Amino acid sequence: MRCLVTGATGYIGGRLAPRLLAEGHAVRCLARRAGRLRDVPWTARAEIAEGDLRRPETLPAAFEGVDVAYYLVHSLGQAGFEAADREAAANFATAARAAGVRRIVYLGGPEPAAGRHVPSAHLRSRAEVGRILLDSGVPTAVLRAAVIIGSGSASFEMLRYLTERLPGMVTPRWVRNRIQPIAVRDVLRYLVGCADLPPEVNRGFDIGGPDILTFQDMMQRYARVAGLRRRVILPVRPLTPSLSSYWVGLVTPVPNAIARPLVESLVHEAVAREHDIAAYVPDPPQGLTGFDEAVAMALAKVRDGEVETRWSTASGPDAPAEPLPTDPQWSGGTAYTDVRERAVHAPPEALWRVVEGVGGEHGWYSFPLAWSARGWLDRLVGGVGLRRGRRDPHRLRVGEALDFWRVEEIVPGELLRLRAEMRLPGRAWLEMRVTPLDGGRSRYHQRAVFLPRGLAGHAYWGAVAPFHAVVFGGMARNIARGAEQAAHRPAVSSGRR
């Protein structure tokens with residue numbers, strides 16, 4: 001079949017597409033910018049269509065000839081996300097019906113039981129999107145999952161950092177609510193299997209793993225699998241979901257804008273009420289993946305640097321649609337730049353390895369306190385902060401997050417361009433170029449560009465410019481020094497023959 005995958009730049013979509021290809025399906029991915037998928041290994045075997053679910057005129061070509069359409073997008077973390085998701089789902093449904101799509105598959109959230117808690121905005125929006133798709137006139141399968149356990153998922157990162165960084169904690173009482181987590185491998189298995197559902201199936205399915213736990217249980221069992229001591233957890237009443245989300249935002253890499261809807265959803269118990277999906281997609285012979293096994297597999301992926309996708313992979317709908325403007329387009333406006341160049345006594349390959357390795361655990365090669373302070377300031381004003389890290393410690397791809405930057409362009413061995421995603425009164429980029437010189441040397445060229453927005457933007461640049469000699473100047477010096485040290489470091493013998 002021909003499958004259309006929306007959200008292929010995101011956590012689930014980026015894992016589903018290669019699995020559909022492995023099953024022999026033709027895959028077309030819908031992305032606002034095709035370049036975002038350029039460096040992903042499997043896209044050479046897929047078709048990339050440019051389009052935007054908020055712009056219905058861009059959708060007919062993407063849906064043409066499609067048998068199964070996967071809806072895997074959401075605007076979580078963006079202002080007004082309920083209205084945005086409502087509009088996107090309606091446009092998706094209309095385009096699918098007009099193109100004669102045979103099946104829609106949607107991954108949503110759990111449906112809270114009627115009770116004293118009003119559904120959170122996040123769960124309310126997920127349920128509304130499901131209803132829009134079920135009423136589309138196209139047979140639809142809505143998969144309702146609670147916490148997804150897998151390397152790089154927002155829920156797993158939240159669990160991981162809370163448990164690893166806090167041996168003792170005061171927690172809200174909702175940590176005792178029951179949850180039925182599910183391994184990402186089982187979620188993907190269900191998504192792939194739903195492509196073959198009979199045409200009369202138009203309904204929702206609860207999906208969950210074999211274990212029903214509380215969030216407190218999950219933290220203790222994570223600690224055990226990770227080889228940590230048992231955590232001291234004291235649930236108290238005064239910690240509201242809003243206060244909890246700020247605490248999660250401070251302790252984990254997940255920013256407040258995403259942590260808050262996730263935490264608010266945990267106020268509700270999320271236990272599957274049925275397992276009807278097994279009649280259409282049978283459980284594997286060895287059974288569904290248990291919580292401990294899912295955590296162990298996720299930790300192994302993190303340890304080995306084999307994380308396929310991360311929660312930070314997707315960019316929000318308000319991200320700039322265009323890359324860094326070319327110099328001539330700046331005429332008539334203001335562009336502030338900081339340019340640094342250094343001749344490096346190391347070959348281009350050694351310099352490039354240092355450039356591509358920036359960020360994450362490697363840091364930014366200058367004044368760590370200044371970078372950390374900027375990251376904390378960004379978190380305080382609701383930004384992503386510096387702790388998103390990087391997916392792979394050595395290799396970067398276009399479109400992926402790198403601390404509070406996003407990789408906008410990469411030409412291996414030559415150019416790395418990052419777009420800032422911290423809260424700024426304007427738009428900012430950081431470019432790093434490597435050019436070869438004679439005699440086995442190279443040149444490092446670094447350029448920071450800031451396009452201010454209003455008076456606040458000009459004032460911001462004026463306030464931070466005095467620190468650039470330390471931050472950007474130190475960065476250029478230390479990157480050059482790191483390349484020279486690596487190039488002249490004696491090779492270590494492995495002892496093999």
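1. Helices, as the word is used in this note, are DSSP runs of H or I that hold at least four residues, and they are numbered from the N terminus. The protein chain as a whole has 14 helices and 19 strands.

2. The mean pLDDT of the protein chain is 86, and 90% of its residues reach 70 or more. Among the elements of the chain, strand β4 (residues 68–71) has the highest mean pLDDT, at 98, whereas α8 has the lowest, at 71. Over residues 492–497 the pLDDT is below 50, and this stretch has zero contacts in the model beyond near neighbours in sequence. Where pLDDT is low, the predicted coordinates should not be read in detail.

3. On the surface, Trp247, Leu250, Trp376 and Leu380 form a nonpolar patch, and together they have about 430 Å² of accessible area. The elements that give two or more residues to this patch are α8 (241–251) and α12 (368–380). Leu250 has a relative accessibility of 32%, and therefore counts as partly exposed.

4. For the chain overall, buried residues make up 54% of the 497 residues. The protein chain exposes about 22200 Å², of which carbon and sulfur atoms supply 54%. Among contacts between residues at least 6 apart in sequence, 75% join residues at least 24 apart.

5. An open sheet is formed by six strands in the order β14-β19-β18-β17-β16-β15, with antiparallel pairing. Its edge strands are β14 (336–344) and β15 (401–402), each of which pairs on one side only. Within the sheet, strand β16 (residues 405–411) and strand β17 (residues 415–420) run antiparallel and are joined by six bridges. One of the residues to look at here is Trp405, whose bridge partner in β17 is Ala420.

6. Side chains of opposite charge can pair when their charged atoms come close. With a salt bridge taken as a side-chain nitrogen of Lys or Arg within 4 Å of a carboxyl oxygen of Asp or Glu, the count comes to 29 salt bridges. A network of salt bridges links Arg406, Glu408, Arg417, Arg419, Glu421, Glu431 and Arg447.

7. Arg38 deserves a separate point. The side chains of Arg38 and Glu409 meet in a salt bridge, at 2.8 Å from N to O. Glu409 lies in strand β16 and Arg38 in the loop between β2 (26–31) and β3 (47–50), so this pair ties together parts that are 371 residues apart in sequence. Arg38 also forms a salt bridge with Asp39, where the closest N and O atoms are 3.2 Å apart. Arg38 is partly exposed, with a relative accessible area of 40%, and Asp39 is likewise partly exposed, with a relative accessible area of 27%.

8. A further salt bridge joins the side chains of Arg102 and Asp67, at 3.0 Å from N to O. This pair links distant parts of the chain, 35 residues apart, with Arg102 in the loop between α3 (81–99) and β5 (103–108) and Asp67 in the loop between α2 (60–63) and β4. Is Asp67 buried or exposed? Asp67 has a relative accessible area of 18% and is therefore buried, since buried means under 20%.

Key:
Residues are numbered from 1 along each chain as its sequence is written. This is a predicted model: local features need pLDDT of at least 70, side-chain atom pairs count only at pLDDT 80 or more; totals for chains, interfaces and linings use all residues. Side-chain values use heavy atoms; hydrogens and water are left out. Patches are made of residues with over 30% relative accessible area and no salt bridge: like charges are joined within 9 Å, nonpolar side chains (Val, Leu, Ile, Met, Phe, Trp, Tyr) within 5 Å. Accessible areas come from the Shrake-Rupley method with a 1.4 Å probe; for residues, only the protein chains shown count as cover. Buried means under 20% relative accessible area, exposed over 50%, partly exposed in between (1.4 Å probe, protein chains only). pLDDT is the predictor's confidence in each residue, from 0 to 100. Contact means heavy atoms within 4.5 Å. Two strands pair if DSSP finds at least two bridges between them.
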